[in-house]
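Hi there,

Here is the structure I promised to pass on to you.

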Amino acid sequence: MFADSAKIIIKSGNGGNGHISFRREKYVPNGGPDGGDGGKGGDLIFQVDDGLNTLTDFRHRRKYAAQNGEEGGKRNCHGKNGEDLVVKVPAGTIIREAATDKVIADMSGDNTRQIILKGGRGGLGNQHYATSTMQAPKYAQPGQPGIELEVRLELKVIADVGLVGFPNVGKSTLLSRVTNARPKIANYHFTTLNPNLGVVDLEGTGGFVIADIPGLIEGASEGVGLGHSFLKHIERTKVMIHMVDAASVEGRDPIADIYAINSELKAYNPELMNKPQVIAANKIDAIYNEEESALPALKAEFEPKGIKVYPISAVSGEGVKELLYHVNELLSGLDDAPVVYEQEYFPEASLFQDEAYTVEYNEEDNVYVVEGPKIEKMLGYTNIDSEKGFLFFQKFLRQQGILDDLENAGISEGDTVRMYGLEFDYYK
């Protein structure tokens with residue numbers, strides 16, 4: 001069964017606790033603390049697997065957890081780091097936070113591997129807390145907890161062209177003729193229950209990927225019929241082919257069908273209407289009376305609006321090549337970058353909601369100092385050197401109100417801000 005959505009729980013590993021121990025050896029008087037640091041918790045990583053094309057595997061397993069880091073040991077022994085857990089998904093999978101439905105990651109394009117949840121940092125052993133006045137510290141730092149999150153996985157097929165139309169207009173037949181795809185074909189509604197993909201090879205061009213989207217009907221955007229489950233697969237396509245029955249074999253009005261489908265697309269996502277469209281007027285082999293053909297009316301209705309109408313026969317192949325070359329021409333004028341959804345939700349932010357921080361001006365060093373558990377945790381979970389980490393760092397400062405607090409403290413452009421070991425100049 002084709003599965004294009006799943007809800008699972010993911011968790012990164014907890015950091016191991018720092019160890020409390022003291023050196024106890026013969027001939028070594030006054031042995032000091034020698035508790036080792038805890039190991040780092042494993043990361044939870046998503047990775048694209050080209051051998052997968054559905055989310056079926058996630059129907060049988062609900063929770064995915066990386067390994068915890070081990071506690072530090074005596075004699076300064078560092079605890080073992082927890083093993084990362086790599087979760088494999090098909091290309092085109094979007095990972096959303098279940099409660100807010102915001103995008104955490106889109107496993108498309110160049111993004112084939114991403115750390116979704118970072119493991120907790122290991123705690124420091126008591127050897128780090130020895131001072132001249134406290135030579136036998138009996139405490140160590142606990143490891144940072146991992147992050148647990150319920151996420152929704154959503155697969156949106158990656159195709160250049162989406163083939164849409166009411167059931168039984170010949171979409172699967174066209175796909176089987178122009179690609180190596182072999183969809184199940186029969187003469188009844190909703191033959192196609194899954195999106196089918198195929199590669200179109202055109203002489204003199206690079207070709208393109210086409211997806212046969214299961215038949216849409218009126219009310220699809222509200223969950224009627226099968227369309228609601230598959231409307232999302234149209235979002236990644238760049239060009240849409242509207243397929244209609246020009247012979248009106250079943251007595252349908254092709255013009256009304258096109259407007260009905262466009263209405264459903266607009267109701268689902270208004271941006272879909274900005275995609276170039278072309279009309280494939282199918283079943284011309286079944287037209288026996290030209291006067292009763294819907295072709296003149298289709299051309300009169302849509303070609304003045306810039307939507308070309310191509311009479312074709314998916315069975316005989318008549319007119320198909322002209323349609324495909326026009327579609328390829330439309331694609332060549334568009335950006336060839338894949339449609340990738342930007343990150344909207346940063347899992348690390350959920351750890352810092354209730355933590356405190358302070359903003360103070362240090363006159364001696366002429367810097368603004370921001371510190372506290374919230375800041376220390378954020379820096380511990382965030383790789384500022386990476387593009388995604390730096391983006392999260394910027395959003396964190398803004399969303400947590402830290403930038404507002406700095407401005408209330410009198411900061412000006414060019415002033416220096418210090419957060420533990422990190423310093424940067426402030427600019428709006």
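The protein chain has an average pLDDT of 81, and 87% of the residues score at least 70. Two stretches need care. Residues 183-192 stay under 50 in pLDDT, and the model gives them 25 contacts beyond four places in sequence. Residues 219-228 are also below 50, with 21 contacts in the model beyond near neighbours in sequence. Where pLDDT is low, the predicted coordinates should not be read in detail.

Strand 15 (residues 358-362) and strand 16 (residues 367-371) run antiparallel and are joined by five bridges. Within this pairing, Y361 stands opposite Y368 of strand 16. Is N366 buried or exposed? Its relative accessibility is 51%, so N366 counts as exposed.

Strand 16 itself is mostly covered, with four of its five residues buried. Strand 16 also pairs with strand 17 (residues 416-419), in the parallel sense and over three bridges. There, V369 is opposite R418 of strand 17.

An open sheet with mixed pairing is built from five strands in the order 3-1-8-5-6. Strand 3 (63-65) and strand 6 (103-107) are at the edges; each has a single partner strand, so one side of each lacks a neighbour in the sheet. On average, neighbouring strands of this sheet are turned by 25 degrees against each other, direction ignored.

Inside the sheet, strand 5 (residues 93-97) pairs with strand 8 in the antiparallel sense, over five bridges. E97 has V151 in strand 8 as its bridge partner.

The loop between strand 5 and strand 6 holds D101. D101 is another residue other than glycine with a positive phi, near 65 degrees. With a relative accessible area of 34%, D101 is partly exposed.

Another loop residue worth a look is L124, between strand 7 (113-117) and strand 8 (148-155). L124 is partly exposed, at a relative accessible area of 30%. Which residues does L124 touch, not counting residues up to four places away in sequence? They are G18, D37, Y129, A140 and Q141. The C-alpha atoms of L124 and G36 are separated by 7.0 Å, while the two residues are 88 residues apart along the chain.

Strand 13 (residues 277-282) and strand 14 run parallel, joined by three bridges. In this pair, I279 stands opposite V309 of strand 14.

**Two helix pairs**

Helix 3 (residues 254-268) packs with helix 4 (residues 295-302) at an angle of about 40 degrees, their axes 9 Å apart. That angle makes helix 3 oblique to helix 4. On the helix 3 side, P254, I255, I258 and Y259 meet A297, L298, E301 and F302 of helix 4. By class, the residues of this contact are seven nonpolar, no polar and one charged.

Helix 1 (residues 171-178) and helix 5 (residues 320-332) pack at about 85 degrees, with axes 12 Å apart. Angles of 65 to 115 degrees count as roughly perpendicular, which is why helix 1 is described as roughly perpendicular to helix 5. Here L174, R177 and V178 of helix 1 meet V320, L323 and L324 of helix 5. This contact has five nonpolar, no polar and one charged residues.

Enjoy looking around in it!

Best wishes

Notes
Residues numbered from 1 in each chain as written. Predicted model: local features only at pLDDT ≥ 70, side-chain atom pairs only at ≥ 80, totals over all residues. Heavy atoms only, no water. Axes fitted to C-alpha atoms, helices over the stretch in contact; angles between N-to-C directions. Parallel < 35°, antiparallel > 145°, perpendicular 65-115°, else oblique. Contact = heavy atoms within 4.5 Å. Nonpolar A, V, L, I, M, F, W, Y, C, P; charged D, E, K, R; others polar. pLDDT = per-residue confidence, 0-100. Pairing = 2+ DSSP bridges. Buried < 20%, exposed > 50% of the residue type's maximum accessible area, 1.4 Å probe, protein only.
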